[in-house]
Amino acid sequence: MRKETILWVDDEIDLLKPYIIFLQDKGYETVTATNGTDAVDLCRKQSFDIIFLDENMPGLSGLETLSFIKDLAPNVPLVMITKSEEEDIMNQAIGAKIADYLTKPVNPSQILLTLKKNIHKREIVTEHATSAYRSEFGKIGMQINESLTYIDWVDLYKKLVFWELELAEAENGMDELLQMQKTEANSTFAKFIKKNYEKWFTRPATRPLMSHDLFKAKLFPLLDKGEKVFLALVDNFRYDQWRLIREILNEFYTFEDEDLYCTILPTATQYARNAIFSGLMPAQIQELYPHLWVDEDEEEGKNLFEKELIQTQLDRFRKKYTFSYHKLNDSVACEKLIDQLPDMENNDLNVCVINFIDMLSHARTDSKMMRELANDANAYRSLTLSWFRHSATYDLFKSLSIRGYKVAFTTDHGAIQVNNPVKVIGDKNVNTNLRYKVGKSLTYNQKAVLEINEPKKVGLPSPNVSSKYIFTTNSDFFAYPNNFNYYASYYKNTFQHGGISLEEMLVPFVLMNPK
């Protein structure tokens, strides 16, 4: 097993022999230098896992040596050790991105703690997370089998996402064990939805908060109290993705109301987002506002009337709020919206749809490069985080906080990585979505899907009198027998939405207050 190698640079290195012996006993190899010039030469000749550098040395000072070493080995953690506690020296060292700063006299436990923080942190964190998950494994398994209510499922899904993020970097197989539990959870959750979904519409008092309830339950109470709200709806956004960007938004916001709500079926933009903005189920939109509903078989865009649907909801509830609506499809539109924020401050409600994540998801399906960049859920999350950090969307949320906006953050549905093709046969009028189908002549394995034979019972429109909906569960996706192997291979491991899974149906709604 390779020993970690330390470079220790100090003009009084002979006085540090007890430390060197202590580190050797702990299994570290230590190389020493008495001045900055020799240290730089050593860094040219070999690599080190960590460098301890005295700040006050004759010849090259510690800060000057630091600059040279950073050029040669920019990724090696460097710990500055000094007798001085002058703020200016500390600031210069920290500005040069040192890993740690110790003040003499140091003791062995400080040195050991610095080593653990800087070269062993990942393995220590992984070991701790693995041990903790191992002790939770049985409890989670029991919870999967005993989750009888919607609240139980919300609690379980939050727990699964927590461990998924904790074990994301684990290389010991525990993440695979967790994925097995998630698969089991999704299978059981699908049975829960099959059993209860129709009941939620025949007995509305029993249903959880759903897409068409959001305005009435979450936004109107705030607006009625005179609060001004900015609704940011990020299309196709999962709870695990939210947990990552939450850490960034924590710099600008406190989180007042953070929970999950249940999307309607299909978990697709045409249905779920129109339900949010209208406060109605899709069948009701079609019936009350036929000019604002576009059927599956029509080529026209399915979300062209979102602003109009918001107005219908305000009118039905006799709300006189002023509002604006914006749809952002690229960074230019986002930057333009930031410039318009001062003109929007008099509105009671400002609504913004951010389509970046949906574009990212579809691009992953269609682009070979995106497939390589996001080949699993962990990589997909990482890509989301990178996008958010470096996009104009980050600037938008920062600007909203600076201007004092209360922000409601949500999404219309999530997505799941699919890997199991199931055959379906339908005519040319059947929709193209891979996770749900609607049509009048569908042939499929009944055990593999949720059937909705009477769409209006669950608030869905019927393109034809005999139309039915079918939804995939788990990580399944629909493929036609024609060219089955090609399409099965093409769409395998892509992220899709429209069906039944924890990832698609349980999604975040969060109220954020500016700091």
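What percentage of the 515 residues in the protein chain do buried residues make up, and where does Arg-381 lie?

Author: This is a predicted model, in which local features need pLDDT of at least 70 and side-chain atom pairs count only at pLDDT 80 or more, while totals for chains, interfaces and linings use all residues. Residues are numbered from 1 along each chain as its sequence is written, and side-chain values use heavy atoms, with hydrogens and water left out.

Buried residues make up 54% of the 515 residues in the protein chain. Buried means under 20% relative accessible area, exposed means over 50%, and partly exposed lies in between (1.4 Å probe, protein chains only). The chain has 20 helices and 19 strands; these are DSSP runs numbered from the N terminus, with H or I and at least four residues for helices, and E and at least two for strands.

Arg-381 lies in helix α17, residues 377–389. Its relative accessibility is 3%, so Arg-381 counts as buried. The side chain of Arg-381 makes a polar contact of 2.9 Å with that of Asp-240. A polar contact is a pair of N or O atoms within 3.5 Å; within protein, one must be able to donate a hydrogen and the other to accept it, and residues adjacent in sequence count only if both atoms are side-chain atoms.

Leaving aside neighbours within four places in sequence, Arg-381 is in contact with Glu-164, Leu-165, Ala-168, Arg-238, Asp-240, Gln-241 and Leu-244. Contact here means heavy atoms within 4.5 Å.

The axes of α7 (residues 150–166) and α10 (residues 239–249) come within 10 Å and cross at roughly 60°. Axes are lines fitted to C-alpha atoms, for helices over the stretch in contact, and angles run from 0 to 180 degrees between N-to-C directions. The two helices are therefore oblique to each other: angles under 35 degrees count as roughly parallel, over 145 as roughly antiparallel, 65 to 115 as roughly perpendicular, and the rest as oblique.

For the whole chain, among contacts between residues at least 6 apart in sequence, 74% join residues at least 24 apart.
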